[in-house]
Amino acid sequence: MKHYLLSVVQPADGQMPAPDVLAGIMRDVEAFNDELRAAGVWVFAGGLHAPDTATMLRPEGGDVLITDGPYAEGKEYLGGLCLIRAADLDEALAWGRKAALATTLPIEVRPFVDQH
């Protein structure tokens, strides 16, 4: 089985759903995580704070420069992730579809390099 990263693509506009809508989404996400665990494909999942909480470490002249803020700014950012094990891309995409429906957000599915 290969590992795949399911990335939650969060809009940067800062608009949060209404509390009752968000509660429903969180229930759906927890049910999705439970389904992953029951299927034996779950490795790890979690949400991330907004990009303005990021700290960048850049190698520079034999040292490391530390700066506040995200690596790149854009209309969207990585809002959370889920690491799964799947037999192939088709299976990973099927889980990605379920993640998109649970989160109501776009999901990027990417395989890890050099897995047999």
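Colleague: How many bridges join E2 to strand E5 (residues 76-86)?

Modeller: Five bridges join E2 to E5, and the two run antiparallel. Two strands pair if DSSP finds at least two bridges between them. Strands (E, at least two residues) and helices (H or I, at least four) are DSSP runs, numbered from the N terminus. Within this pair, Trp-42 stands opposite Ile-84 in E5.

Colleague: What are we looking at, and how is it numbered?

Modeller: This is a predicted model: local features need pLDDT of at least 70, side-chain atom pairs count only at pLDDT 80 or more, and totals for chains, interfaces and linings use all residues. Residues are numbered from 1 along each chain as its sequence is written, and side-chain values use heavy atoms, leaving out hydrogens and water.

Colleague: What is the strand order in the sheet?

Modeller: The order is E2-E5-E1-E6, in an open sheet of four strands with antiparallel pairing. Strand E2 (42-47) and strand E6 (107-111) stand at the edges with a single partner strand each, so one side of each lacks a neighbour in the sheet. From one strand to the next, the twist averages 20°.

Colleague: Where does helix H1 (residues 19-39) lie?

Modeller: Angles run from 0 to 180 degrees between N-to-C directions, with axes fitted to C-alpha atoms, for helices over the stretch in contact. Contact means heavy atoms within 4.5 Å. H1 lies across strand E1 (2-11), E2 and E5, at about 165° to E2. Helix H2 (residues 89-103) also packs on the sheet; H2 touches E1, E5 and E6, and makes about 155° with E6.

Colleague: What pattern does the protein follow along the sequence?

Modeller: The pattern is β-α-β-β-β-β-α-β, with two helices and six strands. Among contacts between residues at least 6 apart in sequence, 77% join residues at least 24 apart.
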